[in-house]
Amino acid sequence: MSAVERVTRSKKDGRSDREGVLGVALDFMRLLWAVDHGLQRRSKRMESELGVTGMQRVVIRLIGRFPEIAAGRLAELVHVHPSTLTGVLRRLVERGFIRRERDPEDARRSRFVLLADGERVDATQAGTVEAAVRRALARLTAEEVDATRKVLAIVADELARADR
């Protein structure tokens with residue numbers, strides 16, 4: 001039975017079987033872990049097939065959308081600490097996907113642009129996390145996507161608050 005079937009299977013009260021036993025928060029966390037596991041598994045497959053992980057491809061996609069983007073802005077967009085992104089950017093530079101350039105207005109800042117291999121990865125769709133997410137979102141209404149985005153944003157905010 002797929003995750004969707006498990007979530008949508010209902011009793012008379014409208015709750016899934018597991019939700020009744022586990023409670024809403026634990027049942028939701030179980031699904032978040034399933035998403036995390038799926039992201040990690042697909043990311044590893046992408047690395048062997050495309051030469052980049054899921055996170056690296058997201059960074060490439062963002063650089064493709066925002067040429068000459070600064071590292072700090074990239075970190076904000078992918079919701080990671082700048083020090084975490086530094087390693088991702090370094091590996092992408094070393095492997096010839098992107099180029100680091102000094103910001104002419106502030107020598108302390110770097111900006112990034114795609115190289116030919118980065119442009120190839122940017123254009124690739126098949127077998128990516130993004131393609132799977134796009135297919136999943138196509139199965140939902142716009143209202144369901146908005147509601148899901150809101151829930152995930154609130155969960156992310158609460159998890160970040162726990163770090164403060």
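Contact here means heavy atoms within 4.5 Å. Helices (H or I, at least four residues) and strands (E, at least two) are DSSP runs, numbered from the N terminus. The model is predicted, so local features need pLDDT of at least 70 and side-chain atom pairs count only at pLDDT 80 or more, while totals for chains, interfaces and linings use all residues. Residues are numbered from 1 along each chain as its sequence is written, and side-chain values use heavy atoms, with hydrogens and water left out.

**View 1. Helix α4 meets helix α7.** On the α4 side (residues 54-65), look for Arg57, Ile60, Arg61, Gly64 and Arg65; they meet Gly118, Val121 and Asp122 of α7. The two helices pack at an angle of about 105°, with their axes 9 Å apart. Axes are lines fitted to C-alpha atoms, for helices over the stretch in contact, and angles run from 0 to 180 degrees between N-to-C directions. That makes α4 roughly perpendicular to α7, a label for angles of 65 to 115 degrees. The residues of this contact divide into two nonpolar, two polar and four charged. In this scheme Ala, Val, Leu, Ile, Met, Phe, Trp, Tyr, Cys and Pro are nonpolar, Asp, Glu, Lys and Arg are charged, and the others, Gly among them, are polar.

**View 2. The two faces of α7.** Gly118, Val121 and Asp122 are buried, that is, under 20% relative accessible area (1.4 Å probe, protein chains only). They cover an arc of only 105° around the axis, which puts them on the same side of α7; the arc is that of the directions from the helix axis to the C-beta atoms. What do the buried residues of α7 pack against? Their partners are α3, α4 and β3 (106-114). Turned away from that buried side are Ala116 and Ala123, both exposed, meaning over 50%.

View 3. Is Thr124 buried or exposed? It's buried, with a relative accessible area of 18%. The Thr124 side chain reaches the backbone oxygen of Arg120 at 2.9 Å. Leaving aside neighbours within four places in sequence, Thr124 is in contact with Leu50 and Arg57.

**View 4. Helix α3 packs with α8.** Helix α3 (residues 24-50) and α8 pack at an angle of about 135°, with axes 9 Å apart. That makes α3 oblique to α8. Leu39, Arg42, Ser43 and Met46 of α3 make the contact with Val129, Ala132 and Arg135 of α8.

Note on methods:
A polar contact is a pair of N or O atoms within 3.5 Å; within protein, one must be able to donate a hydrogen and the other to accept it, and residues adjacent in sequence count only if both atoms are side-chain atoms. Angles under 35 degrees count as roughly parallel, over 145 as roughly antiparallel, 65 to 115 as roughly perpendicular and the rest as oblique.
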